[in-house]
Amino acid sequence: MARSVSYVSAAKLLAMARGNPRVAIIDVRDEERSYQAHIGRSHHFSSRSFAARLPELARATGDKDTVVFHCALSKVRGPSCAKMFSDYLSETKEESGTKNIMVLERGFNGWELSGQPVCRCTDAPCKGTCSPEEPEL
């Protein structure tokens with residue numbers, strides 16, 4: 001079954017993800033993640049090695065209802081990785097509970113500019129224990 005890719009706003013993603021373990025956020029930025037902040041509890045799957053890591057991503061998100069991709073602006077890397085993941089699940093017939101594959105509108109830059117919480121930890125993957133003022137996703 002082919003899954004379509006849709007877009008989600010930062011505010012809607014925050015509401016969907018807060019306290020919901022069935023939502024995974026996938027950051028496909030490359031080296032900029034290491035010196036910029038990131039969305040708390042997001043997983044890093046760099047676009048440079050994304051295709052090779054598709055089986056790993058499918059295993060890591062198999063129990064998630066919704067998988068949301070983003071890059072800096074979600075204009076190229078985020079949407080293309082979301083489509084690649086959707087195609088991979090369809091072509092390989094991977095067992096997956098994923099019903100929704102989404103792209104964060106305006107990417108990480110839009111998320112941060114809209115005042116959404118960011119994390120500056122170096123944990124991989126981020127555990128969401130970034131700062132006391134950050135609400136848990």
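## Salt bridges at a glance

A salt bridge here is a side-chain nitrogen of Lys or Arg within 4 Å of a carboxyl oxygen of Asp or Glu. By that rule, the structure, which is a predicted model, holds 12 salt bridges. Let's walk through some of them and then turn to the pockets.

Start with D63 and K64, whose side chains meet in a salt bridge with an N to O distance of 3.9 Å. How exposed are the two partners? D63 counts as partly exposed, at 43% relative accessibility, while K64 counts as buried, at 16%. K64 falls in that class because buried means under 20% relative accessible area.

Next come D65 and K99, which form a salt bridge at 3.4 Å, N to O. This pair ties together distant parts of the chain, 34 residues apart: D65 sits in the loop between α3 (54-61) and β4 (66-70), and K99 in the loop between α4 (77-92) and β5 (100-104). D65 is partly exposed, with a relative accessible area of 24%, and K99 is exposed, with 57%.

## A linked network

Which residues are joined in a network of salt bridges? D30, E31, E32, R48 and R77 are linked in this way.

## The largest pocket

If you are looking for open space in the model, the largest pocket has a volume of about 270 Å³. It is lined by 17 residues, and R33, H44, T122, D123 and A124 are the closest to its centre. Both α2 (32-35) and β3 (43-44) supply at least two residues of this lining, with α2 giving the most, 3 residues. Sorted by class, the lining of the largest pocket has 7 polar, 6 nonpolar and 4 charged residues.

## The second largest pocket

The second largest pocket has a volume of about 190 Å³. Of its 11 lining residues, N20, P21, V23, A24 and R41 are the closest to the centre. Which strand gives the largest share of this lining? Strand β2 (residues 23-27) does, with 3 residues. The lining of the second largest pocket divides into 6 nonpolar, 3 polar and 2 charged residues.

Key
Residues numbered from 1 in each chain as written. Predicted model: local features only at pLDDT ≥ 70, side-chain atom pairs only at ≥ 80, totals over all residues. Heavy atoms only, no water. 1 Å grid on protein atoms, 1.4 Å probe; cavity = no way out; pocket = protein on both sides within 12 Å on 5 of 7 lines; lining within 4 Å. Points joined across faces, edges and corners; volume = space filled by probe spheres on them. Helix = DSSP H or I, 4+ residues; strand = E, 2+ residues; numbered from the N terminus. Nonpolar A, V, L, I, M, F, W, Y, C, P; charged D, E, K, R; others polar. Buried < 20%, exposed > 50% of the residue type's maximum accessible area, 1.4 Å probe, protein only.
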